[in-house]
Amino acid sequence: MKRLILPFLLGILLIGCHSPKSKTVTYAYGLPVDSFRVDTGVIRKGQTLGEIFASAGATRQQMVFVSTLTRKQFDTRCVRPDKKYLLFYQTDEQQQQYLKHLVYLSSLREAYVFHLDDSMYVEKQVKPIETVHRSAKVGIETSLWNAMVDNDLPVDLALELSEIYQWTIDFFALQKGDSVSVYFEEYYVDTVRYGMGRIYAANFYHGKEWQEAFFYNRDNISNYFDGDGNSLRKAFLKAPLNYKRISSTFTYARKHPVYKIVRPHTGVDYAAPVGTPVVAVGDGVVTFKAYKGGGGNTIKIKHNNTYTTAYLHLSRYAKGLQVGQRVQQGQVIGYVGSTGASTGPHLDYRVWKNGNPIDPLKMVSPPAQPIPSKYKENFATKVAEYRTHL
């Protein structure tokens, strides 16, 4: 154990008058630390709470108290290696030191204070979370993820932005010179970052175009919209999986890599490792799920009277998936493989419009419902406010 330098304590609260005659009292975990000698320790692997108390010089009564703790008072199973604890000692007139309190730091937010005087009990303390609204703008050199790391921003921000823009931006096609501005919530405990909350607004520069996104929550509406109130959510995702590269595009004159003859390829091949999850690009009903010749394991989904999609060469199907089942946009339906006439793991993704094959990369996806007219004025006020933060 090491002697703890008092200013290092987390959660310190200074109270008292500032007049020359008054003494400022330093508190931590509800304890006046100036009145104690404070040591700190770290729990070793396999060390029990009883061993910690014994090594700290606990009295017989204190050891009995610890040994009879119920799970309602303190669950000893939550004692974990590498967690810190603090020992508070008090000195009597004969200069004898006695253990008065032990503080177990179970997490950044939670601490258990063992009060070890005549009335012994355990008190759980939870530090509050502070919400901070933050604006940031980052340039992209390689990827959105790296841009966040390089600018000391939460990596979760990259994941959330990918969710917001998944219908409009191909995040595997980002390039140097792209950028994003974002206004969001960030959580802190003391001065330590604890996580992030809602993204309220963003403006993404990609492909020489800016794409705004504003969060709007009213009654049964909770979604992201552009500045004109059009939903960023589309009927279809840009792609049915996270892929490494496009290995073959839509064409009517491709030499087939297996059959060695020129034949139409009315789909897009996404190269990806075996087992990569494949999702439905939109809501619909499964109309086909079986092995189909050169396409191998195949799934077809009818989305409406206009659009049908297919997913070929799958290694396996999602558990429980059946013909006639209704699936939702983003739901996993299968996994990348190399079944059928295939030279390597990839997904052959196809789209039909009114029964005719179309290029998936050129498909214009209709948007979801826009902001209702009765909310447009309120929405415009929110947009104006959010733009000041971007």
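1. Trp145, Val149 and Leu159 make a nonpolar surface patch of about 290 Å². Patch members have over 30% relative accessible area and no salt bridge, with nonpolar side chains joined within 5 Å; areas come from the Shrake-Rupley method with a 1.4 Å probe. A salt bridge here is a Lys or Arg side-chain nitrogen within 4 Å of a carboxyl oxygen of Asp or Glu.

2. The model is predicted: local features need pLDDT of at least 70, side-chain atom pairs count only at pLDDT 80 or more, and totals for chains, interfaces and linings use all residues. Residues are numbered from 1 along each chain, and side-chain values use heavy atoms, without hydrogens and water.

3. Trp145 sits in helix α3 (residues 144–150). Its relative accessible area is 43%, so it counts as partly exposed (buried is under 20%, exposed over 50%, partly exposed in between).

4. Leu157 touches Met148, Val182, Phe184, Met196 and Ile199, leaving aside residues up to four places away in sequence (contact: heavy atoms within 4.5 Å).

5. In helix α2 (residues 60–67), the buried residues are Gln62, Phe65 and Val66. They fall within an arc of 95° seen down the axis, so they line one face of the helix. Exposed Arg60, Gln61 and Ser67 are on the face turned away from that buried side.

Definitions and conventions:
Buried < 20%, exposed > 50% of the residue type's maximum accessible area, 1.4 Å probe, protein only. Helix = DSSP H or I, 4+ residues; strand = E, 2+ residues; numbered from the N terminus. Arc of directions from axis to C-beta. Patch = residues over 30% accessible without salt bridge, like charges linked within 9 Å, V, L, I, M, F, W, Y side chains within 5 Å.
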